[in-house]
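Here is a friendly briefing to read alongside the model. Please keep the sequence and the 3D view open as you go.

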Amino acid sequence: MEPQSPQPGPGGASPPVLRAAGGVASAVEASGKVIAVSCLAFMFVALLVNVILRYFFAGGIPWAYEIHALLMPWLVAGGVVIAAANGANIAITLLPGMLGERGAQILLIVVQALIVIISVSVLVSSRPILVASQYQRLSTLGITQVWGYASLVYAFGGMALLAGIDILRVIWGGQTWDRDPASNSLS
(Lines give C-alpha, C1' and ligand atoms only; values in the text may rest on other atoms or scores of the structure.)
Protein backbone atom coordinates (compact mmCIF):
# COMPACT_ATOMS: atom_id res chain seq x y z
CA MET A 1 0.00 0.00 0.00
CA GLU A 2 1.24 3.45 -0.73
CA PRO A 3 1.61 5.68 2.28
CA GLN A 4 -0.60 8.74 2.25
CA SER A 5 0.90 12.14 1.62
CA PRO A 6 2.18 13.90 4.71
CA GLN A 7 -0.09 16.39 6.38
CA PRO A 8 0.87 20.04 5.97
CA GLY A 9 2.61 21.63 8.92
CA PRO A 10 1.58 24.81 10.66
CA GLY A 11 0.36 27.44 8.22
CA GLY A 12 -0.56 24.78 5.64
CA ALA A 13 2.99 24.27 4.33
CA SER A 14 5.02 21.08 4.45
CA PRO A 15 8.32 21.24 6.33
CA PRO A 16 11.30 21.96 4.03
CA VAL A 17 12.73 18.50 4.68
CA LEU A 18 9.55 16.89 3.42
CA ARG A 19 9.41 19.14 0.36
CA ALA A 20 13.04 18.27 -0.45
CA ALA A 21 12.38 14.56 0.14
CA GLY A 22 9.32 14.74 -2.11
CA GLY A 23 11.41 16.39 -4.81
CA VAL A 24 14.06 13.65 -4.57
CA ALA A 25 11.39 10.94 -4.68
CA SER A 26 9.83 12.55 -7.76
CA ALA A 27 13.22 12.76 -9.46
CA VAL A 28 13.97 9.10 -8.72
CA GLU A 29 10.55 8.11 -10.07
CA ALA A 30 11.10 10.24 -13.20
CA SER A 31 14.49 8.58 -13.76
CA GLY A 32 12.79 5.17 -13.59
CA LYS A 33 10.25 6.27 -16.18
CA VAL A 34 12.95 7.61 -18.52
CA ILE A 35 15.01 4.44 -18.16
CA ALA A 36 12.05 2.09 -18.67
CA VAL A 37 10.64 3.94 -21.68
CA SER A 38 14.08 4.39 -23.28
CA CYS A 39 15.02 0.73 -22.87
CA LEU A 40 11.68 -0.53 -24.13
CA ALA A 41 11.70 1.81 -27.13
CA PHE A 42 15.30 1.01 -28.07
CA MET A 43 14.78 -2.75 -27.76
CA PHE A 44 11.59 -2.56 -29.83
CA VAL A 45 13.20 -0.48 -32.59
CA ALA A 46 16.32 -2.70 -32.69
CA LEU A 47 14.17 -5.82 -32.92
CA LEU A 48 11.87 -4.31 -35.56
CA VAL A 49 14.76 -3.11 -37.73
CA ASN A 50 16.48 -6.47 -37.38
CA VAL A 51 13.31 -8.33 -38.42
CA ILE A 52 12.86 -6.06 -41.44
CA LEU A 53 16.51 -6.49 -42.47
CA ARG A 54 16.31 -10.26 -42.09
CA TYR A 55 13.00 -10.54 -43.94
CA PHE A 56 13.76 -8.24 -46.88
CA PHE A 57 17.56 -8.37 -47.15
CA ALA A 58 18.49 -11.75 -45.64
CA GLY A 59 20.82 -9.95 -43.24
CA GLY A 60 20.57 -8.37 -39.87
CA ILE A 61 22.24 -6.41 -37.15
CA PRO A 62 24.49 -8.75 -35.15
CA TRP A 63 24.41 -6.63 -31.98
CA ALA A 64 20.59 -6.59 -31.93
CA TYR A 65 20.68 -10.01 -30.29
CA GLU A 66 23.01 -8.86 -27.50
CA ILE A 67 21.58 -5.45 -26.69
CA HIS A 68 18.74 -7.09 -24.77
CA ALA A 69 21.27 -8.55 -22.31
CA LEU A 70 22.15 -4.99 -21.32
CA LEU A 71 18.81 -3.24 -21.60
CA MET A 72 16.40 -5.80 -20.13
CA PRO A 73 17.88 -5.55 -16.61
CA TRP A 74 17.61 -1.76 -16.85
CA LEU A 75 13.99 -2.03 -17.98
CA VAL A 76 13.20 -4.17 -14.95
CA ALA A 77 15.17 -1.85 -12.64
CA GLY A 78 13.26 1.17 -13.95
CA GLY A 79 9.97 -0.64 -13.32
CA VAL A 80 11.03 -1.60 -9.79
CA VAL A 81 11.88 2.02 -8.97
CA ILE A 82 8.61 3.30 -10.44
CA ALA A 83 6.64 0.75 -8.41
CA ALA A 84 8.55 1.61 -5.22
CA ALA A 85 7.99 5.33 -5.74
CA ASN A 86 4.25 4.78 -6.15
CA GLY A 87 3.86 2.18 -3.42
CA ALA A 88 2.57 -0.14 -6.14
CA ASN A 89 4.59 -3.16 -5.13
CA ILE A 90 2.81 -6.22 -3.76
CA ALA A 91 1.42 -5.61 -0.28
CA ILE A 92 -0.84 -7.26 2.26
CA THR A 93 -2.71 -4.62 4.20
CA LEU A 94 -4.58 -6.64 6.79
CA LEU A 95 -2.26 -5.75 9.67
CA PRO A 96 -2.06 -1.98 9.03
CA GLY A 97 -5.85 -1.94 8.77
CA MET A 98 -6.18 -3.62 12.17
CA LEU A 99 -3.75 -1.26 13.89
CA GLY A 100 -4.60 2.22 14.98
CA GLU A 101 -3.08 5.26 13.30
CA ARG A 102 0.03 5.26 15.51
CA GLY A 103 0.50 1.49 15.17
CA ALA A 104 0.24 1.75 11.38
CA GLN A 105 2.91 4.48 11.41
CA ILE A 106 5.26 2.31 13.49
CA LEU A 107 4.63 -0.65 11.17
CA LEU A 108 5.35 1.56 8.16
CA ILE A 109 8.69 2.63 9.69
CA VAL A 110 9.60 -1.00 10.44
CA VAL A 111 8.71 -2.16 6.91
CA GLN A 112 10.61 0.70 5.27
CA ALA A 113 13.62 0.10 7.55
CA LEU A 114 13.61 -3.57 6.50
CA ILE A 115 13.53 -2.48 2.85
CA VAL A 116 16.56 -0.25 3.48
CA ILE A 117 18.44 -3.08 5.23
CA ILE A 118 17.64 -5.64 2.54
CA SER A 119 18.48 -3.23 -0.30
CA VAL A 120 21.80 -2.23 1.23
CA SER A 121 22.59 -5.92 1.89
CA VAL A 122 21.95 -6.73 -1.78
CA LEU A 123 24.18 -3.83 -2.83
CA VAL A 124 27.00 -4.97 -0.56
CA SER A 125 26.71 -8.64 -1.54
CA SER A 126 26.54 -7.85 -5.27
CA ARG A 127 29.91 -6.12 -5.28
CA PRO A 128 31.82 -9.31 -6.29
CA ILE A 129 29.41 -9.83 -9.20
CA LEU A 130 29.95 -6.25 -10.37
CA VAL A 131 33.73 -6.64 -10.13
CA ALA A 132 33.68 -9.94 -12.04
CA SER A 133 31.35 -8.55 -14.70
CA GLN A 134 33.96 -5.93 -15.61
CA TYR A 135 35.90 -8.72 -17.30
CA GLN A 136 33.01 -10.32 -19.18
CA ARG A 137 32.35 -8.89 -22.62
CA LEU A 138 29.48 -9.32 -25.03
CA SER A 139 31.02 -10.89 -28.11
CA THR A 140 29.48 -8.68 -30.81
CA LEU A 141 29.17 -5.37 -28.98
CA GLY A 142 32.41 -5.70 -27.02
CA ILE A 143 30.72 -3.99 -24.07
CA THR A 144 31.43 -5.32 -20.61
CA GLN A 145 28.59 -6.96 -18.71
CA VAL A 146 29.03 -4.49 -15.85
CA TRP A 147 26.74 -2.10 -17.73
CA GLY A 148 23.86 -4.57 -17.37
CA TYR A 149 24.68 -5.54 -13.79
CA ALA A 150 24.89 -1.87 -12.80
CA SER A 151 21.09 -1.93 -12.93
CA LEU A 152 21.27 -3.75 -9.56
CA VAL A 153 22.87 -0.68 -8.03
CA TYR A 154 20.22 1.58 -9.53
CA ALA A 155 17.24 -0.59 -8.52
CA PHE A 156 18.28 -1.41 -4.97
CA GLY A 157 19.85 2.00 -4.35
CA GLY A 158 16.63 3.62 -5.54
CA MET A 159 14.50 1.37 -3.35
CA ALA A 160 16.66 2.13 -0.29
CA LEU A 161 16.50 5.87 -1.00
CA LEU A 162 12.73 5.83 -1.45
CA ALA A 163 12.24 3.76 1.72
CA GLY A 164 14.40 6.24 3.63
CA ILE A 165 12.27 9.09 2.28
CA ASP A 166 9.11 7.28 3.43
CA ILE A 167 10.63 6.96 6.92
CA LEU A 168 11.28 10.71 6.94
CA ARG A 169 7.71 11.35 5.79
CA VAL A 170 6.31 9.30 8.68
CA ILE A 171 8.55 10.89 11.28
CA TRP A 172 8.24 14.49 10.09
CA GLY A 173 4.82 14.52 8.49
CA GLY A 174 2.66 11.87 10.10
CA GLN A 175 2.33 9.83 6.91
CA THR A 176 0.23 6.67 7.23
CA TRP A 177 -0.77 3.66 5.15
CA ASP A 178 -3.23 4.36 2.37
CA ARG A 179 -6.35 2.33 3.06
CA ASP A 180 -7.55 2.21 -0.58
CA PRO A 181 -5.51 -0.32 -2.62
CA ALA A 182 -7.28 0.64 -5.86
CA SER A 183 -5.80 4.14 -5.67
CA ASN A 184 -2.28 2.72 -6.14
CA SER A 185 -2.92 0.63 -9.24
CA LEU A 186 -0.59 1.37 -12.14
CA SER A 187 -2.75 -0.54 -14.60
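**Salt bridges and the helical fold**

Glu-29 and Lys-33 form a salt bridge, with their closest N and O atoms 3.4 Å apart; the term stands for a side-chain nitrogen of Lys or Arg within 4 Å of a carboxyl oxygen of Asp or Glu. This is a predicted model, in which local features need pLDDT of at least 70 and side-chain atom pairs count only at pLDDT 80 or more, while totals for chains, interfaces and linings use all residues. Residues are numbered from 1 along each chain as its sequence is written, and side-chain values use heavy atoms, with hydrogens and water left out.

**Overall picture**

- The protein chain has six helices and zero strands; helices (H or I, at least four residues) and strands (E, at least two) are DSSP runs, numbered from the N terminus.
- Of the 187 residues in the protein chain, 34% are buried, where buried means under 20% relative accessible area, exposed over 50% and partly exposed in between (1.4 Å probe, protein chains only).
- Among contacts (heavy atoms within 4.5 Å) between residues at least 6 apart in sequence, 77% join residues at least 24 apart.

**Charged pairs**

- The count of salt bridges comes to two.
- Glu-29 and Lys-33 sit four residues apart in helix H1, about one turn of the helix.
- Glu-29 counts as buried because its relative accessibility is 16%, whereas Lys-33 is partly exposed at 43%.
- Arg-169 pairs with Asp-166 in a salt bridge whose closest N and O atoms are 3.5 Å apart, and both residues lie in helix H6, three residues apart.
- Arg-169 is buried at 18% relative accessibility, and Asp-166 is buried at 10%.

**Aromatic pairs**

- Searching the whole structure gives three aromatic pairs; rings of Phe, Tyr and Trp (its six-membered ring) pair if their centres lie within 6.5 Å, and planes under 30 degrees apart count as stacked, over 60 as edge-to-face and the rest as tilted.
- One of them is the stacked pair of Phe-42 and Trp-63, at 6.1 Å centre to centre with 25° between the planes.
- This pair links distant parts of the chain, with Phe-42 in helix H1 (residues 16-57) and Trp-63 in the loop between H1 and helix H2 (67-86), 21 residues apart.
- Phe-42 is partly exposed at a relative accessible area of 40%, and Trp-63 is partly exposed at 29%.
- Trp-74 and Tyr-154 form a tilted pair, because their ring centres are 5.7 Å apart and their planes meet at 40°.
- Trp-74 lies in helix H2 and Tyr-154 in helix H6 (residues 146-173), so the pair ties together parts 80 residues apart in sequence.
- Both Trp-74 and Tyr-154 are buried.

**Annotated spans**

- An unreviewed UniProt entry lists residues 34-57, 69-92, 104-125 and 146-172 as "transmembrane region"; the positions are given in the numbering used here, feature names are shortened, and annotations may be inferred rather than shown by experiment.
- Residues 104-125 are 100% helix and 0% strand, with end C-alpha atoms 31 Å apart.
- Residues 146-172 are 100% helix and 0% strand, with end C-alpha atoms 38 Å apart.
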